[in-house]
Amino acid sequence: MKQVIIFITCLFLHTSCLQSGEDIQQKNEEETTWLLSTLLWQRNSGNCIKTDTNTNISMCSRRPLGICNVNQLIVTQAEVNYTLNESRTIQNRNPDCQESILQSGILSQSATSNANSDTIKARYRFLVTESCEASGVQPSSDTRFATFFEIQWLESTRGKIAKAAKSIVANGFLPQNSRDKANSCLQLEFLEWEKGLAEGNLQNKILIEITVP
């Protein structure tokens, strides 16, 4: 990727030398826009392989180059605060979501400590690949990879609460009252595509990551 950026920069410099007068500013703005668009495309390209060096197991996902790094495993205090605020907003709007929020584990989430961050950084390795399929990962006929957008939603506050609510509704061993409230939470709070995505993930039909053979 560095070679691509160097080539693009050199091309821009060469072109600028041939320009003069009042067209230069407009040309530079166009070139800057094109360069930023190219860099953004590169940042959003590729898939991500995460390797646990303790087990030597690698998992591939649709996470792109831009976030294929250890930061995806580290939780900041700002993220914790945002999640708690969002869950409170949902509960205030729909009280029937309370049990689903508790079940989701959101309220017990904490920021990653410096010591744990160092441990995570030492344990995991990340590699950008053209695609998971190119790295030998082939989902079975009844499953598929979650897209990067779907990964973001599934790992969000709303995604976690929806999955918890779906899990409660499907658990016949829980009291009917709990299942009714969870179902009410789903119907009042979540859109159809959100409910479908949560269910697909719970049923292991829409997978965030798949083991690399």
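**Disulfides and a surface patch in a predicted model**

Student: Phe149, Leu191 and Trp193 form a nonpolar patch on the surface, together with about 340 Å² of accessible area. What makes these residues a patch?

Tutor: Patches are made of residues with over 30% relative accessible area and no salt bridge; nonpolar side chains (Val, Leu, Ile, Met, Phe, Trp, Tyr) are joined within 5 Å, like charges within 9 Å. A salt bridge would need a side-chain nitrogen of Lys or Arg within 4 Å of a carboxyl oxygen of Asp or Glu. The areas come from the Shrake-Rupley method with a 1.4 Å probe, and for residues only the protein chains shown count as cover. This is a predicted model, in which local features need pLDDT of at least 70 and side-chain atom pairs count only at pLDDT 80 or more, while totals for chains, interfaces and linings use all residues. Side-chain values use heavy atoms, with hydrogens and water left out, and residues are numbered from 1 along each chain as its sequence is written.

Student: Why is Leu191 called exposed?

Tutor: Exposed means over 50% relative accessible area, buried under 20%, and partly exposed in between (1.4 Å probe, protein chains only). Leu191 has 52% relative accessibility, so Leu191 counts as exposed. Leu191 lies in the loop between α8 (176-189) and α9 (192-202); helices (H or I, at least four residues) and strands (E, at least two) are DSSP runs, numbered from the N terminus.

Student: How do you know that Cys48 and Cys68 form a disulfide?

Tutor: A disulfide is a pair of cysteine sulfur atoms within 2.5 Å. The sulfur atoms of Cys48 and Cys68 are 2.1 Å apart, which meets the rule. Cys48 lies in strand β1 (residues 47-52) and Cys68 in the loop between β2 (57-61) and α3 (77-93), so the pair ties together parts 20 residues apart in sequence.

Student: Why is this disulfide of Cys48 and Cys68 called right-handed?

Tutor: The torsion about the S-S bond is about 80°, so the disulfide of Cys48 and Cys68 is right-handed. By contrast, the link of Cys60 and Cys132 has -90° about the S-S bond and is left-handed.

Student: Why does Cys68 count as buried?

Tutor: Cys68 has a relative accessible area of 9%, so Cys68 is buried. Cys48, at 2% relative accessibility, also counts as buried.

Student: What makes Cys97 and Cys185 a disulfide?

Tutor: Their sulfur atoms are 2.0 Å apart. Cys97 lies in the loop between α3 and α4 (98-104) and Cys185 in helix α8, so the pair ties together parts 88 residues apart in sequence.

Student: How many disulfides does the rule give?

Tutor: The count comes to 3, in the pattern 1-3, 2-5, 4-6, with bonded cysteines counted along the chain.
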